[in-house]
Amino acid sequence: MTTRRRTTALIGDDNTVVVAGKSLTWRTLHKLPQLPSPAAVLVDSGADALAALRHHAVHGTELLVATSSRVDEYMREELGESGFSIVLPDGEVTPARLKRVEESGRAWLLTSGSTGRPKRIGHTLESLTTVTADQPPRTWLLPYSPGTYAWWQVVTISLTQRDQGLVVIEPHELEDWPQIAAQHGVTAASGTPTFWRQAIYRDSEALAAIPLEQITLGGEPVDQAILDQLRDLFPKTRISWIYASSEVGASIVVHDGKAGFPRAWLQREPDPDRPMLSVQGDELVIRSPHHGAGLVGAVHTGDRVEYDGDRVLITGRLDTDEINVGGSKVSASVVRGVLLAHPSVAWARVFARKAPLVGRMVAAEVVVNESLGPITDADLVQWSSSRLPDYGVPRRIKFLDAIPQKETLKSDV
């Protein structure tokens with residue numbers, strides 16, 4: 001096995017890592033046995049995932065890390081036939097079915113699977129380290145599922161920068177993460193809009209008690225409602241949203257508190273160190289220096305955009321955002337934004353439903369904050385009718401008891 005030590009990647013080796021209530025450092029994380037290479041390391045704990053990452057950083061081994069729940073038997077067979085040894089959470093190793101030359105230093109990510117089965121995207125530790133400028137001392141919350149692009153974004157900050165601690169949140173701790181974050185002095189936290197809505201819905205006072213200096217949102221369309229809610233809770237905190245994916249890396253970063261990004265960014269002069277943004281039809285197209293291996297040139301993201309004055313809004317996937325109601329087209333994201341603007345609505349999903357005569361109708365699922373008073377579907381229809389054309393008003397509204405959230409911290413919106 002080829003090994004290569006990268007001491008520059010371990011600047012953060014003495015940063016604090018809090019996992020399962022224990023305060024450790026990257027250096028004192030429990031040691032994994034010498035991993036095969038290539039290896040797909042399947043984990044059930046944040047500590048094992050971090051240990052696998054550090055092993056990769058030290059030895060340059062070819063690595064894919066993911067939770068065992070994200071990799072089913074079919075995908076394990078596929079990985080084995082692609083040359084990966086499978087390392088299970090109990091340490092059991094299933095040798096690769098195919099012998100091939102190791103790609104030293106390669107880190108593989110699985111996409112979220114929003115367009116079907118997850119795909120493998122190749123990166124390096126360098127291409128995944130998107131924050132390279134010196135940062136003020138911070139303690140970062142790490143709620144993401146191990147091996148996702150967002151997980152890599154946070155852990156590389158801690159591994160490659162001094163004074164960047166981590167507080168790992170395991171899946172069973174998600175309901176209580178604000179208390180854990182406050183206990184350990186978390187000052188920076190990254191999460192999906194669904195993650196932040198969950199926290200506000202469950203206990204906004206506990207959330208506001210965290211001494212946050214940096215809030216980051218990404219992974220889903222970011223609307224003005226959630227940005228405004230976070231600003232109300234944290235008036236002095238920097239709030240950022242990031243458009244990033246396994247394919248194109250972190251490509252859009254906005255700090256001005258507004259949904260979308262400035263339209264002027266579509267006309268910026270070419271810069272080899274900066275992603276180039278364009279729109280073809282209604283689709284966002286990105287040419288990025290942070291792209292995955294083999295993705296050369298412009299990448300069609302599959303994400304739909306709309307213009308709102310001098311802003312470009314990313315509304316959702318092309319194949320699901322547009323709803324055709326009897327020949328009239330409406331954006332599911334626009335309808336969702338109207339519902340979320342209602343003071344009592346904590347979360348909403350908008351989708352098409354079959355209907356007689358017009359073929360499709362607009363339907364919605366919502367979660368309401370009952371502490372603000374009762375609300376009915378008729379109330380929401382009336383609210384929407386004054387803000388949307390008639391064909392865009394949801395005609396079927398289902399109330400859910402809780403905000404649905406996947407392992408990736410996303411929900412189907």
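Trainee: What volume does the largest cavity have, and what makes a space a cavity?

Mentor: The volume is about 30 Å³, meaning the space filled by probe spheres set on grid points that are joined across faces, edges and corners. A cavity is a set of points on a 1 Å grid over the protein atoms alone where a 1.4 Å probe fits but cannot get out. The structure holds one cavity of 30 Å³ or more. Keep in mind that this is a predicted model, where local features need pLDDT of at least 70, side-chain atom pairs count only at pLDDT 80 or more, and totals for chains, interfaces and linings use all residues. Numbering runs from 1 along each chain as its sequence is written, and side-chain values use heavy atoms, leaving out hydrogens and water.

Trainee: Which residues line the largest cavity?

Mentor: Leu174, Trp177, Phe195, Gln198, Ala199, Arg202 and Gln405 do; a lining residue has an atom within 4 Å of a point. Helix α6 (residues 193-208) gives the most, four residues. Helices here are DSSP runs (H or I, at least four residues), and strands are too (E, at least two), numbered from the N terminus.

Trainee: How does that lining divide by class?

Mentor: There are four nonpolar, two polar and one charged residues. Arg202 is in the lining, and Arg counts as charged, along with Asp, Glu and Lys.

Trainee: What makes the Ser68 and Asp44 side chains a polar contact?

Mentor: Their distance is 2.5 Å, and the cut-off for a pair of N or O atoms is 3.5 Å; within protein, one must be able to donate a hydrogen and the other to accept it, and residues adjacent in sequence count only if both atoms are side-chain atoms. The side chains of Arg317 and Asp303 also make a polar contact, at 3.1 Å.

Trainee: And Arg317: why is that residue called buried, exposed or partly exposed?

Mentor: At 25%, Arg317 falls in the in-between range, so it counts as partly exposed. Arg317 lies in strand β19 (residues 311-317). From Arg317 to Val305 is twelve residues in sequence, and 9.0 Å in space, C-alpha to C-alpha.

Note on methods. On a 1 Å grid over the protein atoms alone, a cavity is a set of points where a 1.4 Å probe fits but cannot get out, and a pocket is an open set with protein on both sides within 12 Å along at least five of seven lines; lining residues have an atom within 4 Å of a point. Buried means under 20% relative accessible area, exposed over 50%, partly exposed in between (1.4 Å probe, protein chains only).
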